[in-house]
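Hello,

Here is the structure I promised to pass on. Please open it first, then read my notes below.

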Amino acid sequence: MIARSAAVRRRPLWQEILAAAVTDPERLLARLELDPALLPAARAAAARFPLRVPEPWLARIRPGDPRDPLLLQVLPLGAERAPQPPRFRPDPLGERAALAARGLVRKYRSRALLVATGACAIHCRYCFRRHFPYGEGACGARWEEALAWLARHPEVDEVILSGGDPLTLPDATLAVLADALEAVPHLRRLRVHTRLPVAIPARVDEGLAAWLGGLRRLQAVVVVHVNHPREIDEEVAAALARLRALGVTLLNQSVLLRGVNDDAGILAALSGRLFESGVLPYYLHLLDPVEGAAHFEVPEAEARALHRTLAAVLPGYLVPRLAREEPGAPAKTLLGE
Ligand SMILES: *Cc1c(COP(=O)(O)O)cnc(C)c1O
Ligand code: SF4
């Protein structure tokens, strides 16, 4: 009967995993057996954009390897504070200018993006929202203004819940929001842009299934964000399978990142791993030139060459669209088509 207490120990809830994420650079380095000499630079970079890594992600990083592709996505580095080329700016996508209503970014005619929260489960160092002014009221704790705007715009038939990461919100909040969106008659699809099924696979629980699988009218699309095949371990694959079982269409977007996935073999393996997990590759984004992320950039010519190689080795449906975001453009700009 010795094993009994272990057998009945319940698995942690996603909220507990979220709350216990590592935010202290010193703890991260110690946990991953990395050189303590990295600490001053990590601290300085984290002072600008905080470190945040949840345990399931940490568990996939190889200890002692400063070049691990999962580590590089989350480790604050001195390079973030180095002088940046002038293209690299705090708001490279002009999102502030595209705010249609409080918390609603509308750039493309038929879909609008609702900044549901500023919070994320994991902080990706290259994120273009690292300087987004969430505190200035761009994200709606209350969504009336955005809902009223949507009701007045019948040309919009899809709402994208984004952020931050919308799945950091409680299911009760998301259910209320989903209900309100279902009541807007011209909306047809509800899309969720999230990294949570990957960062904390326990997030895909019964509460999430209840509101996402319970949509009456809107079709659900979940776009996850995976950059490297090692991000999809068995737990993540199981979470993705649970989403699929709800009838959700699953797509993936990646960002092309120096040192992480700037290799045709890795990108091809990523597409294969995604498909095994029921996810179709959607976009491979060129890095948005956000201040502090210049060291992640892969030049466009190299990106196009990688994309050509992918197209030569993969079936067409596993080749993500190589895309770039340009302020003012009517859609994402596709490269290498
Ligand atoms: C990327 C993006 C979308 C979605 O574009 P799709 O091509 O439909 O995936 C919508 N709104 C904004 C503001 C975006 O940046
Ligand atoms: S989860 Fe998405 S929004 Fe959040 S930091 Fe990462 S890339 Fe940015």
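The C-alpha centres of domain 1 and domain 2 lie 23 Å apart. The domain assignment places domain 1 at 2-81 and domain 2 at 99-334; such bounds come from an automatic or database assignment. Between them, 29 residues of domain 1 are in contact with 32 of domain 2 (contact: heavy atoms within 4.5 Å).

This is a predicted model, where local features need pLDDT of at least 70, side-chain atom pairs count only at pLDDT 80 or more, and totals for chains, interfaces and linings use all residues. Residues are numbered from 1 along each chain as written, chains are lettered from A and ligands numbered from 1 in the order written, and side-chain values use heavy atoms, without hydrogens and water.

Next, helix α12. Helix α12 covers residues 264-276 (helices are DSSP runs of H or I, at least four residues, numbered from the N terminus). Its 13 residues reach 18 Å from first C-alpha to last, close to the 18 Å expected at 1.5 Å a residue (1.5 Å times one less than the number of residues). At the N-terminal end, D263 caps α12, with a side-chain oxygen 2.9 Å from the backbone nitrogen of G265. Just after α12, G278 has a positive phi of about 80°.

The buried residues of α12 are A264, L267, A268, L270, S271, R273 and L274 (buried: under 20% relative accessible area, 1.4 Å probe, protein chains only). They pack against α11 (234-245), β7 (249-255), β8 (280-285) and α13 (300-313) (strands are DSSP runs of E, at least two residues).

Last, ligand 2. Around it are C120, I122, C124, C127, G164, R195 and H225 (a heavy atom within 4 Å).

Best wishes

Methods:
Buried means under 20% relative accessible area, exposed over 50%, partly exposed in between (1.4 Å probe, protein chains only). A polar contact is a pair of N or O atoms within 3.5 Å; within protein, one must be able to donate a hydrogen and the other to accept it, and residues adjacent in sequence count only if both atoms are side-chain atoms.
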